[in-house]
Structure formats: C-alpha cells, structure tokens
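Subject: Structure handover

Dear colleague,

Here is the structure you are taking over. My notes on what was found in it follow below.

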Amino acid sequence: MSGGSLRRTSLHDAHQALGARLVPFAGWEMPLQYPAGIVAEHRAVRASVGVFDLSHMGEFHFRGEGAPVAVDRLVSSDIAGLAVGQARYGLLCNERGTIVDDVIVYRIAADEMLMVVNAANVEKDARHVQARLPQDVAFEDASLETALIAVQGPRAAVLLSAVTDLEVREESIESLPAFGVTRGRVGGVRATIARTGYTGEDGFEVFIPHERAPSPWNRLLAAGSAMGVAPIGLGARDTLRLEARFSLYGNEIDETTDPIEAGLGWTCKLDKEFVGRDAIAAAKARGPARRIVGLVCEGGVPRRGHPVMSGGEVVGQVTSGTYGPTVDRNIALAYVQTPLAKAGTAVAVRIRERDVAATVVKTPFFRRPT
Amino acid sequence: MQTIPDDLRYSKEHEWVRADGDLVTIGITHFAQDQLGDVVFVELPEKGASVRQHASLGVVESVKAASDVYAPVSGEVVERNLKVIESPELVNSSPYGDGWLVKVRMSDGDEMGALLDAAAYGEHVGASAQ
C-alpha cells in the first residue's frame with residue numbers, strides 16, 4: 001500500500017491498537033472497520049452508541065462582525081438567521097447553481113462562524129470561499145489543527161455527559177437542542193460540542209485541538225464500555241448515512257448536480273442572495289429531468305454506477321448502494337427520470353448483466369423511532 | 001478455528017476444495033472471508049450448470065464490495081448451498097463448514113494437481129498479507 005504521503009490523525013495509534021483496518025481516504029489513512037466488522041458497528045450505533053474519528057473533515061473559521069452575513073452569501077440555507085449556539089446544514093454552490101460541497105455552519109460566537117466541509121473538498125472549498133469573501137472577514141482553514149470525534153446513537157447523550165463539563169454550568173449535554181453548539185471540556189480537553197451527526201441517530205460532534213484527541217477518545221471508550229460503545233469506521237459510517245438517506249458528496253451530489261434534482265431544495269432559501277441562487281431558482285422553475293430516489297432491490301446488492309432500467313431502457317443510475325443492516329434490505333440511492341420517481345414505481349437495477357427487480361420507496365429507509 | 005485445514009486443497013484466489021472421489025465441495029477460505037468482511041449476499045450457479053477452471057463460479061458480496069469466486073476445477077454443479085444463499089453470514093462464521101458454496105462433479109481430476117496444499121497456501125497467504 002502506498003501509505004507514504006497519507007496524513008494520519010492523532011488517533012492513528014489508538015486505531016491500530018484497536019485492530020482497525022486502515023485505508024486511504026481523501027488523502028488520509030482512516031479506519032474502514034474494526035475487528036467487530038461493519039454490520040456489528042452499524043448495529044452498535046443503532047442500539048447504543050458509537051464513536052467515530054472524523055479528524056479528516058475540514059474546518060473553516062470565519063471571523064469578524066461581517067462573518068454571519070458573508071457566510072450567508074456563500075451558503076444556500078439561512079445562515080444570517082442563526083443565533084449564537086445554533087447550526088444549520090446547507091450547500092456551497094457555484095454561479096451555475098451546481099453543488100461545490102455540502103457543509104454544516106455553526107455560529108460559535110457573535111462574530112465567528114465555523115464551517116465543516118468534506119475532507120476531499122478542503123482545498124477546493126477554501127479557494128471557492130476565499131474568492132468570494134469580503135475583505136473585512138478573516139478566513140482560517142483550521143482543518144489540520146482540528147480533530148473531530150463523533151458520538152452517535154441513542155445512548156450518545158448519556159455517554160458524552162459522563163466525560164464532559166460544559167462551560168455554562170446551567171447547561172447540560174441532554175438539554176442541548178438538535179443543531180445546537182456549545183463549549184466545554186471533554187475528557188479534560190477544551191472542545192466545541194455540537195448536537196449534529198450523519199447517522200440518523202441522536203448524537204454529537206466534538207471539535208478539539210488535533211493533537212489532544214486521544215484523551216477524549218479513550219475516555220469515551222472507557223466510560224461507554226458498560227453500554228457497549230464501539231469504535232466505528234468509515235464502512236459503517238456509510239451504511240448508517242445511507243439508511244438515513246443523507247447525501248454523500250462525490251456520490252449523490254457534485255458539481256454536475258443541482259440541489260433540486262438532488263432532493264436538497266429544502267436547503268435553498270431562494271428569497272435571499274447567495275452564490276448560485278438565480279440558477280437554482282431557474283432549475284426549480286423548469287422542474288428537474290431526473291431526481292434522486294430510494295430503491296429497495298429484491299436480489300443482489302445495488303452498487304454505485306449500476307444502471308437503473310425500465311422497459312428495457314436505461315432510465316437512471318445508482319449513486320450509492322449497500323446492504324442496510326437495520327432495514328435488512330439491499331438499498332440504494334439513484335437518479336431516475338422524473339416520471340419514474342414516484343414511490344411504488346417498479347424498476348430494475350442491472351447488476352452483473354442481470355436485471356434485478358427494484359422498487360422506488362419513500363426515504364429515509366430508516367427513521368429513528370421517536 | 002483452524003484457519004487452513006490440512007485436508008483441503010486451495011487456489012491462489014482463496015477458494016478451497018474438499019475432494020471425495022470426483023465429487024468436490026468448494027468454498028472460500030478463512031483468509032478470504034476475513035478480507036471481505038461481513039458477507040451479505042451470495043450468488044451461485046444453478047444445479048446442472050457447467051463450470052470451467054479459473055472462470056467465475058459465482059459472487060460473494062460483503063457490505064463494501066462484490067468479489068468473484070473462481071472455479072478451482074472444471075465440472076458440473078450438482079448442488080448449491082441453499083442455506084448460504086439464505087444466510088450469507090455462514091461464509092464468515094463457518095467458511096469450511098456450513099458456509100460451503102457448491103458441490104461439483106469434476107470433469108478432469110488432473111486439475112486438482114494445480115491446486116495448493118495447506119502448507120503452500122499458508123505461504124501464499126503469508127505473502128498476500130504483506
């Protein structure tokens with residue numbers, strides 16, 4: 001394996017000690033899975049709690065009085081309307097109205113915004129936002145100085161509470177609302193703590209200085225042993241997000257897709273100015289020729305790139321597919337021609353030259369019981 | 001679990017063969033299932049299908065990827081393991097037992113000579129693991 005130029009997170013030794021299978025991902029050497037395997041890791045997150053090393057993700061800071069408005073102009077969703085301590089999902093788009101990246105923006109102070117971007121897009125996004133930022137807003141790419149540990153699952157709040165002291169004594173981890181963000185110490189390390197995630201479960205994302213990650217990581221695993229905490233690799237991260245129907249940049253969305261066809265129109269606040277707004281409004285008015293749908297396949301596992309068939313014709317393509325351990329079905333996201341996008345439509349997925357019956361279904365495939 | 005049983009023959013592509021006269025049982029090795037991870041789907045040829053040595057015999061899919069299984073010998077499929085189609089995780093939990101894939105009536109017994117014994121397969125796996 002050509003590992004020479006790959007970056008390592010500060011949890012690399014911890015992953016090796018846990019027996020992780022490490023793989024190259026977006027320029028980093030990251031755990032694909034631990035010895036328990038992808039299905040067991042997936043189930044641990046749905047049943048109890050898992051911890052993820054996501055230190056490869058990118059973190060941008062925007063500072064200055066004008067930061068909220070400046071970031072609002074870059075992102076499709078309502079960023080200017082965020083109060084301090086709130087976060088929101090949104091898209092970076094280009095002027096053509098296609099998707100540069102999907103991001104979460106956190107208002108961590110009156111004059112400071114944190115933007116979390118995909119690892120593979122850090123350099124591209126940094127160029128994209130810097131080229132469009134007013135001079136009075138300071139930009140910092142803190143990706144290499146920031147570690148990120150996600151704690152996800154129904155027991156996430158209980159576990160994180162056990163190792164965390166919040167700065168504001170009246171607050172608690174349990175009372176932090178979804179998409180809320182606050183400050184505290186996790187495993188003794190100063191951290192930014194957000195109630196966000198990518199699994200379809202309750203959960204948190206904890207941002208810490210890069211080299212300080214081992215202490216909170218080890219404390220979380222130790223404190224969670226009685227509740228069956230598991231370290232989770234990229235393999236289960238993908239099956240979890242797919243069951244929850246979260247888009248993956250590079251699969252469902254990229255610079256050839258617009259938010260409307262990707263089913264992300266809900267992230268676009270078209271009554272404000274932002275990069276790509278006019279093109280997205282036009283795409284919405286036209287109506288998309290294709291749409292992202294969920295598919296359930298009856299035999300065989302659909303994979304990225306497999307053609308979607310109807311009446312002997314290619315009518316679309318799978319963007320992500322897997323066996324979903326919780327739903328216990330073979331599931332996929334796919335672009336199909338708009339007339340075929342209705343739930344209940346029978347199509348087929350061409351798997352190894354064979355057409356396998358599939359049905360368009362409502363998504364998410366999995367929704368956490370409330 | 002004994003990871004490379006002495007009484008089997010092996011292909012370099014990590015299939016195993018248990019011979020009983022010209023009737024052979026075929027599966028994938030412990031090493032192969034460990035590399036694949038959780039097996040979630042198995043596709044096998046129908047009874048009566050003819051298979052050719054080194055040609056694709058079927059597909060074993062893990063959560064992450066699909067992998068071809070190659071026929072270690074030529075012949076006719078006389079049985080496929082319906083239990084493993086129903087419960088693909090048997091490939092992980094019992095690769096040399098309940099996780100077998102097909103039984104084949106061998107058409108050319110000389111092909112067995114091209115397969116590795118346990119010691120040679122052990123060396124092969126050692127090299128693959130580097």
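Helices (H or I, at least four residues) and strands (E, at least two) are DSSP runs, numbered from the N terminus. The peptide bond from A:T363 to A:P364 is cis, with omega near 5 degrees.

This is a predicted model, in which local features need pLDDT of at least 70 and side-chain atom pairs count only at pLDDT 80 or more, while totals for chains, interfaces and linings use all residues. Residues are numbered from 1 along each chain as its sequence is written, chains are lettered from A and ligands numbered from 1 in the order in which they are written, and side-chain values use heavy atoms, with hydrogens and water left out.

Backbone

For B:H54 phi is about 75 degrees; its loop runs between strand 5 (50–51) and strand 6 of chain B.

Sheets

Two strands are taken as paired if DSSP finds at least two bridges between them. In chain A, three strands make up an open sheet with mixed pairing, in the order 1-3-2. Strand 1 (7–8) and strand 2 (21–25) of chain A are at the edges with a single partner strand each, so one side of each has no neighbour in the sheet. Five bridges hold the antiparallel pair of strand 2 and strand 3 (residues 28–33) of chain A, and A:F25 is opposite A:W28 in strand 3 of chain A.

Chain B also has an open sheet of three strands, in the order 4-6-7 and with antiparallel pairing. At its edges are strand 4 (39–43) and strand 7 (66–70) of chain B; each has a single partner strand, so one side of each is left without a neighbour in the sheet. From one strand to the next the twist averages 25 degrees (axes are lines fitted to C-alpha atoms, for helices over the stretch in contact, and angles run from 0 to 180 degrees between N-to-C directions). Strand 4 and strand 6 (residues 56–62) of chain B run antiparallel and are joined by four bridges. In strand 6 of chain B, B:V59 stands opposite B:E43.

Elsewhere in chain B, strand 5 pairs with strand 8 (residues 75–80) in the antiparallel sense over two bridges, with B:V51 and B:G75 as bridge partners. Strand 8 of chain B also pairs with strand 9 (residues 102–106) of chain B, antiparallel over five bridges; here B:R80 has B:V102 as its bridge partner.

Interface

Contact (heavy atoms within 4.5 Å) links 14 residues of chain B with 18 residues of chain A. Across this interface the rule finds five salt bridges, a salt bridge being a side-chain nitrogen of Lys or Arg within 4 Å of a carboxyl oxygen of Asp or Glu. One salt bridge joins the side chains of A:R352 and B:E61, at 2.9 Å from N to O. On the side of chain B that touches chain A, helix 1 (30–36), strand 4 and strand 6 of chain B each supply at least two residues.

Regards
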